[in-house]
Amino acid sequence: MENEVNIQMQRTLASNDPDSSFYKRCISLFQYLNPKGGSSFEEDVWVIPFSNEHYNTSNVVLDFTIFDLTELEIVPSVKAMWNNGLEIHISQGLFVKWLFLELVSERSVDYRLMWLLDTMKSLFLFIKEQNTHVLTEYHVEDFYSVLLTHDFEDTRFVRRLSTPSYKSRIYHLNFVTIYLLLARYQINFLVGKISVDAQNHALNEACLNQTGMTLTDYKAGGTFDFLGLDIGRHYVDYCAEFFDAHIAFATAARKTVSAMEIFIENFGDKSQTSGSRLMQIVITALQGETYFSNYESNRDREQLVRDETLKMFHLIYNKCVVQTKAFSLDFLNAVAADLGLMEHRLDTYEFIRSMMYTRFLASGVKSRERICVEYSSVVVGGDFTGNSTRFELHQVDEVCDKHLNGLTIEICDVSKFCKQTIESYVNSSNRQQKKLDGMISDVEAAGVTAFAAYTGWRASEFGFPQSAISVELNKDIVDASYTPMRFYVNWTSSKTSGGTLLQREITLSTAIISNQLAELNAAELNDPALISGNFINLRDLTGKIAKRVTRLWVRFPYDYAIFKELDEHESLSVRFDDLALDEAMKLRLLSEKYDTGNDIVIEVLALREQLRSDAVRLEISQKAYTGENGSTVRFAETLRRYSQHKLDPSFTHSLNTYLSEDTKKYLFSSDKTADFLRQEAVNAIREEFTSGTIKATPHAFRHIWAEAILQRYRGDVGRFIRANFKHIDERFFMVYLRNKEVKSIYEVAKRTTINSVVRKHVSSLREGKRAYAGGFDRFVSKAVNLTKVVTHEDYAVIARKIAKERIVDIKVNAWSTCLLRAGTETHARCSIDGIPQRQNASPKLCLGCVNAEINDSNYVGIVIYTKSDVEACKNTNLPISIKKFHVATLRKALARVRELATNEKSSSYDSFIEHLEGVISMVDMEGLANG
């Protein structure tokens, strides 16, 4: 045995022996790569000059150091059968150098070598995370998904904002080539047998799932922007707020225009000129303006058209405004507050929406009396302070009517109201031409964007008519009282169902948006509900949806309420010593709302600046001009004027900043031909100019949707996403997650969410006031204390380490987030035979678990989901032997809420703490009395 060990050691050392054939092969390959010397094979960092003499001052830096770190160590050594049949053992670091040299042999030296090495680092980290030592066909699609969505940075994966180009990353890693090379030396490590078809299929699926592009489109230069939840939630909030604010006006205006077209036709004057002139009267009237032609003979008719327009708008608007405002978030909040439900129910919005839906849209599905009685019976006594929350239908209607009254307008105020609405829109959007049409189109775009965020569907699936939506009674006895109706869209899914109708569930709020858009678009029974006009084919539909979800993107950075409030805070802060009393009061309120020293606010401020900087470039790339023949020309004209030094100075500055020297040389060259700005060149220059900007795409909302699922119970997901997702149970989402494509997106979202949750949790430890509790909070606090974290970078490093090395999976519940840590599987409270059974999650198990991450947003879930335990403990008919199980849950809930109160330094939890203490004390006394 001792002799075999000695032989094994000799064979292992042989690979590093300068006289070994393996080592000689490495040196030979390295000398070919680096003929001028300057770096040594034994070094872990190679600095090698470019092969092209034109770039003789440029070097490529290849750093192999990281492969010797434990974060990337998959195996301590790699076994190989070398040419002479000798078994050798190669260290992982040496193996990577050899493999790299083999893959780049006979290649010229340039940046592509660095791209290959970076991709190899990603491969090693991915295999390490999968707890395996070989990449197989089973893993390939997941690995490609990571390559498309993440960068390798400092031994971790970091989410990208856009896809890398095919040639800069995936092109350089051919698994078939690697496998054949490894198989030659009988190396069973890193890459297994993967066929060309399997490799291409996996990459195509990853492209479709993560970007919505085919592999062919991706290879052709297609790119995709990953608008994650951290950015997307703000855009969704902005679009939803804009839609809520303007849907009534836009619907009434569009319907008025349609009605007036019929009215004008009935005059009997069929001339196109006359009709166009009279329609101009209609448009200007709806903009609050007065317009008449210069012909006195037409004045009476024009006045009649104007008066009829205002009357028609008055009638339609007063009907629309009540129905649309009844579903707005501001209305839901006001009604919930008056009913005493706002603070303690996750399903408050769903109840009020259901009451409004059956009142205004579909009275025959379920009686309003029954909805009210069932919900009231569930929430009665739900207020732990002892206040009754039982209410009857007439009381709900009285509260709703109170907030719906005063929304209508008088006929005498119509023109003034239209003028104020349009002027407000123009001032915020800077639109001067086609103001009314622009506003209506913006409202439609905002609604479509909200629908995309709430469903996560492909753009090609948005073509359904309103008749495709069906509503049924919720027959699930568990949540029928909370969600009385269930909604389905019966429509095709081009990828999964072909031409077969597929039934997919949507939320009530999503069904309402669809109904409102159908009303706005005056859609007939079989017309598309979400967009005005028809579409030729799915490609046309996808293009129309893409235009709508991007339409408000450039305007959003300047008009978003939070960004504008931060602008005002900064403006008032600068003038602090000269503020009037009302301004000082405003500054105090804004300072309470936005702590500019808080990491979250700092991130929002940075996002605002980035989006505004991006918006300038996007505006320039989209700038429209009127061509010689009256046609619209855009970026080509901007480039033409730039090349002739006739462009606006601010535009010129941006182009000078973001275009490469080669591109500017091309544009300013004196020998350029007349067609130097052909479309291909314009597209390429536009891509270069806007490179790195964040943009919205329909497919990006699939990623936002997946992250929203995972963060729906957290406080920083955006008010509209929170209001539309937090009441939905796991059953609703799991149906979608059976789809392979959605599941793939969901897995990427898990990685992003884990990183985000851990980063924010660790960051909160730097603040004296933080809203966290539970087993995971104790783990994080201990880890930070043991590692003596001091600087901001220290906190960032430990957050990355925890997220990458310790967190295995994530699952969200209303009362806590389960961050399953490696090594805690047997200690998890839901564990059976050492295996966590997280489908059995409940407050009874989770609130005392080492993996439970509890924040202030989970407080409401704790209140609601321990209510049954409270009721059991207060039930005088139950024996103490039964109550002891319920009181155990309440003790855990009390401990966690006390932790929240202590860490947050808040008295807002005091009443619930006192409530639980009283219930627990009562059970304890009963136990003592019974011996």
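Me: How many disulfides does the structure hold?

Reply: A disulfide is a covalent bond between the sulfur atoms of two cysteines. In this predicted model, cysteines are present, including C320, which is buried with a relative accessible area of 11%, and C873, which is buried with a relative accessible area of 1%. The number of disulfides in the structure is zero.

Me: What average pLDDT does the protein have?

Reply: The pLDDT expresses the predictor's confidence in each residue, from 0 to 100. Over residues 1–14 it stays under 50, and the model has nine contacts beyond four places in sequence for them. Of the residues in the protein, 89% score at least 70, and the average pLDDT is 85.

Me: What span should helix α15 have at 1.5 Å a residue?

Reply: Helix α15 covers residues 393–404, which makes 12 residues. The expected span is 1.5 Å times one less than the number of residues.

Me: Which exposed residues does α15 carry on the face turned away from its buried side?

Reply: In α15, the residues L393, V396, D397, V399, C400 and L404 are buried. They cover an arc of only 165° around the axis, so they lie on the same side of α15. The face turned away from that buried side carries the exposed residues E398 and K402.

Me: Is the aromatic pair of F635 and F689 stacked or edge-to-face?

Reply: The structure holds 47 aromatic pairs. In the pair formed by F635 and F689, the centres are 6.0 Å apart and the planes are at 25°. The pair links distant parts of the chain, 54 residues apart, with F635 in helix α24 and F689 in helix α27. Planes under 30 degrees apart count as stacked, so the pair of F635 and F689 is stacked.

Me: Is L94 buried or exposed?

Reply: L94 is found in helix α3, residues 92–104. Its C-alpha atom is separated by 9.0 Å from that of F67, 27 residues apart along the chain. Buried means under 20% relative accessible area. L94 has 9% relative accessibility, so L94 counts as buried.

Technical notes: Residues numbered from 1 in each chain as written. Predicted model: local features only at pLDDT ≥ 70, side-chain atom pairs only at ≥ 80, totals over all residues. Heavy atoms only, no water. Helix = DSSP H or I, 4+ residues; strand = E, 2+ residues; numbered from the N terminus. Buried < 20%, exposed > 50% of the residue type's maximum accessible area, 1.4 Å probe, protein only. Arc of directions from axis to C-beta. Disulfide = S-S within 2.5 Å. Contact = heavy atoms within 4.5 Å. Phe/Tyr/Trp six-rings, centres within 6.5 Å; stacked < 30°, edge-to-face > 60°.
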